[in-house]
Amino acid sequence: MVSHPEVGLSATADPQAAAADPWDVVIVGAGPAGSATATQVAKHGLRVLLLDREHLPRPKVCGCCLSPLALSELDNLSNQNIARLQLPIQPLQNLTVASQGHAASVPYATGGVLSRINLDTQLAHHAVLARTAWLPNTRALYWKDENECVALTVQTNNETPYRIQTRRLVLAAGLHDAVRYDNSHSAESRRRKRPPNNRIGLGATLPATGGSLGPQHLIMAVGKGGYCGLVRLEDNTIDVAAAMHPSVLRQTESPAKALSHLLAEAFHGTTCPIDCASLNDMPIRATPQLTHQTGPIDPDCRKLFRIGDAVGYIEPFTGEGIGWALLSARLASESLITETGHLRPAAQAASHYQRRYHRALTWHHRRCRLVSLALRSPRLVSTSVQVAGYFPRLTGSVAQLITGNAPTR
């Protein structure tokens, strides 16, 4: 059994050093996208600073599934002439979808599973090995375009805010719309577009004894107020990740009760693979509203790039989020850096990244949005589940195509 990292990743930079001289690239957010970008830029010898508002390791609300795209990008990152990534990824073999008391299991030997505690910490460590400077417990407050540089105001450990200058700023802070433009929250909020009836994410980690769910098995439970994914992680604990409508949470006593009601509805009359009562004893974490569209390049500053969930996000039923984040990190890195290892001119890099990002991901986002809209109808899902029970192998192949997780060749 592989346990989660116990020891935190120590800082390799301090506020005084961070504020001393301009950086080539500063990256806000040490999730998969931020750390992958740091590794791919720092390997060229440029001065790169990676900061995060928390320390590592830390839990995140996430389904923890790695699509074939994610596995391919991780393999590419592992071959960066630094040190190979040693990730205890558990392969997936089966998918079960449950709705309104009907359930169907299909072969789903697609991708793998790894906790975000392990994934994020090891990717950040990989970036440090590439000579990225690492500054945890540091909040990015707001940024301002200043001639050749971007001035980023940050705050470490709730002390006095200070400024960091960088030639390029990469925002990889995920769903949190917290880094403001020139201390003006309204200007930043106008850029982030959210659809109506948007859902939020809920997540918890149950102990190994929290249910009968077997390994290598992904379960998706669909109800009227949202859907929930269940999977065993590499240390045998159970990851619970859901997307739920805020109105459901407002009408329910607690997030744990809302999750329990959703699972009871999906598995009505059948056995739920987890002990719902154990949810009451575990901390339930939440995200901001999930689906949004912000854009890879800031219209007011061609030196500011967004990657990962900071660019845009679709409800996570398909499990492709980490793959998209890692792909955007590679596209941004290749746009920021020339073939000779120097910073590309800002306007040229911005145009290059924006063009490649939309070409690579627009179709996937549209397909994922259609899937998420279909999931608004539990009756449609339950009917599909009943049909799937008669054609499991065909349904497994269709499931891979619908979710964009068909194995890469």
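Trainee: Which residues in α3 meet residues in α8, and which residues do they meet?

Mentor: Keep in mind that this is a predicted model. On the α3 side the residues are L69, A70, E73, L74 and N76. On the α8 side they are I322, G323, W324, L326, L327 and R330. Sorted by kind, the residues of this contact are seven nonpolar, two polar and two charged.

Trainee: At what angle do the axes of α3 and α8 cross?

Mentor: Roughly 40°, and the axes come within 7 Å. Angles under 35 degrees count as roughly parallel. As for handedness, α3 passes α8 in a left-handed crossing.

Trainee: How do α3 and α4 pack, by angle and by distance between axes?

Mentor: The angle is about 30°, and the axes lie 12 Å apart. That angle is why α3 counts as roughly parallel to α4. This crossing is left-handed. In α3, L74, L77 and S78 take part; they meet L119, L123 and H126 in α4. The contact divides into four nonpolar residues, two polar and no charged.

Trainee: Which residues of α3 are buried?

Mentor: Buried means under 20% relative accessible area. In α3, which spans residues 68–78, that holds for P68, A70, E73, L74, L77 and S78.

Trainee: How many disulfides does a search of the whole structure find?

Mentor: First the idea. A disulfide is a covalent bond between the sulfur atoms of two cysteines. Here the search finds zero. Take C65: its nearest cysteine sulfur belongs to C64 and is 7.5 Å away. The cut-off for a pair is 2.5 Å.

Trainee: Why does C65 count as buried?

Mentor: Because its relative accessibility is 14%. C301 also counts as buried, because its value is 1%.

Trainee: Now the whole chain. How many helices and strands does it have, and what share of residues is buried?

Mentor: The chain has 11 helices and 21 strands. It runs to 409 residues, and 55% of them count as buried.

Trainee: What share of contacts joins residues at least 24 apart in sequence?

Mentor: Count contacts between residues at least 6 apart in sequence; 72% of those join residues at least 24 apart.

Key: Residues numbered from 1 in each chain as written. Predicted model: local features only at pLDDT ≥ 70, side-chain atom pairs only at ≥ 80, totals over all residues. Heavy atoms only, no water. Buried < 20%, exposed > 50% of the residue type's maximum accessible area, 1.4 Å probe, protein only. Helix = DSSP H or I, 4+ residues; strand = E, 2+ residues; numbered from the N terminus. Axes fitted to C-alpha atoms, helices over the stretch in contact; angles between N-to-C directions. Left-handed = near helix turned anticlockwise from the far one by under 90°. Contact = heavy atoms within 4.5 Å. Nonpolar A, V, L, I, M, F, W, Y, C, P; charged D, E, K, R; others polar. Parallel < 35°, antiparallel > 145°, perpendicular 65-115°, else oblique.
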